[in-house]
Amino acid sequence: VQLVESGGGLVQAGGSLRLSCVASGITFRINTMGWYRQAPGKQRELVAAITGGGGATNCAESVKGRFTISRDNAKNTMYLQMNSLKPEDTAVYYCNRATIWGSLPFGSWGQGTQVTVSS
């Protein structure tokens, strides 16, 4: 499995970013996938998930109404549109397998993409 995240950066509070994740080595379209994040000193948490066909999504309460997860199976790519960013969204963001209700990652992780939100 190879997972490559991109799109992070430094943004002011209230701003937006769009993250991308390209997956290879798996049958992407059959896997529920998710975006995870890990802030300094905290455990990695699942923030959003989407089923293989894209028909169902779920988001953590902390990001509901601000983050939107989507995927393009033809491109083996998943996205996370992040709007109204807050300083507490600062973290390294990773993509990996998930269930619609929780974590179920593959054994390996990508390098992640850093998101920093300034106040």
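This is a predicted model: local features need pLDDT of at least 70, side-chain atom pairs count only at pLDDT 80 or more; totals for chains, interfaces and linings use all residues.
Student: Let's start with the disulfide. How do you know that Cys 21 and Cys 95 are joined by one?

Tutor: Their sulfur atoms are 2.0 Å apart, and the cut-off for a disulfide is 2.5 Å. The pair is within that limit, so it is called a disulfide. A search of the whole structure finds one disulfide.

Student: What does the pair Cys 21 and Cys 95 tie together?

Tutor: Cys 21 lies in strand β3 and Cys 95 in strand β9, which covers residues 91–97, so the link ties together parts that are 74 residues apart in sequence. Cys 21 and Cys 95 are both buried. The link is right-handed, with 65° about the S-S bond.

Student: Is Cys 59 buried or exposed?

Tutor: Cys 59 has 15% relative accessibility, and buried means under 20%. Cys 59 therefore counts as buried.

Student: Now the charges. What makes Glu 45 and Arg 37 a salt bridge?

Tutor: Their closest N and O atoms are 2.8 Å apart. The limit is 4 Å between a side-chain nitrogen of Lys or Arg and a carboxyl oxygen of Asp or Glu, so the pair qualifies. The structure holds four salt bridges.

Student: Which other residue does Arg 37 meet in a salt bridge?

Tutor: Asp 89, at 2.9 Å from N to O. This pair links distant parts of the chain, with Arg 37 in strand β4 and Asp 89 in the loop between β8 and β9, 52 residues apart. Arg 37, Glu 45, Arg 66 and Asp 89 are linked in a network of salt bridges.

Student: Why is Arg 37 called buried, and why is Glu 45 called partly exposed?

Tutor: Arg 37 has 7% relative accessibility, under the 20% cut-off, so the label is buried. Glu 45 has 33%, which falls between 20% and 50%, so the label is partly exposed.

Student: How do you know that Lys 64 and Glu 61 form a salt bridge?

Tutor: The closest N and O atoms of Lys 64 and Glu 61 are 3.0 Å apart. That is within 4 Å, so the pair counts. Glu 61 is exposed because its relative accessible area of 65% is over 50%. Lys 64, at 43%, is partly exposed.

Student: What about Arg 71: why does this residue have no salt bridge?

Tutor: The nearest side chain of opposite charge, that of Asp 72, is 8.3 Å away. A salt bridge needs 4 Å or less, so Arg 71 has none, although Arg 71 is buried.

Student: What lies close to the polar atoms of the Arg 71 side chain?

Tutor: The backbone oxygen of Phe 28 lies 2.8 Å from one such atom, and the backbone oxygen of Gly 52 lies 3.4 Å from a polar atom of this side chain. Both distances are within the 3.5 Å used for a polar contact. Among the residues that Arg 71 touches are Asn 31, Met 33, Ile 50 and Tyr 79.

Student: Which residues form the covered face of β7?

Tutor: Phe 67, Ile 69 and Arg 71 do, while Thr 68, Ser 70 and Asp 72 form the uncovered face. In a regular strand the side chains alternate between the two faces of the sheet.

Student: What makes β7 and β8 a pair of strands?

Tutor: Six bridges join β7 to β8, and pairing takes at least two, so they pair. They run antiparallel, and the bridge partner of Ile 69 in β8 is Leu 80. The two strands form a hairpin with four residues between them, and Asn 76 in the turn has a positive phi of about 50°.

Student: Last one: is Trp 35 buried or exposed?

Tutor: Trp 35, in strand β4, has 0% relative accessibility, which is under 20%, so Trp 35 counts as buried. The backbone oxygen of Tyr 79 lies 3.2 Å from a polar atom of the Trp 35 side chain.

Key
Residues are numbered from 1 along each chain as its sequence is written. Side-chain values use heavy atoms; hydrogens and water are left out. Buried means under 20% relative accessible area, exposed over 50%, partly exposed in between (1.4 Å probe, protein chains only). Lys and Arg count as positive and Asp and Glu as negative; His and the chain ends are not counted. A polar contact is a pair of N or O atoms within 3.5 Å; within protein, one must be able to donate a hydrogen and the other to accept it, and residues adjacent in sequence count only if both atoms are side-chain atoms. Contact means heavy atoms within 4.5 Å. Lists of a residue's contacts leave out its neighbours within four places in sequence.
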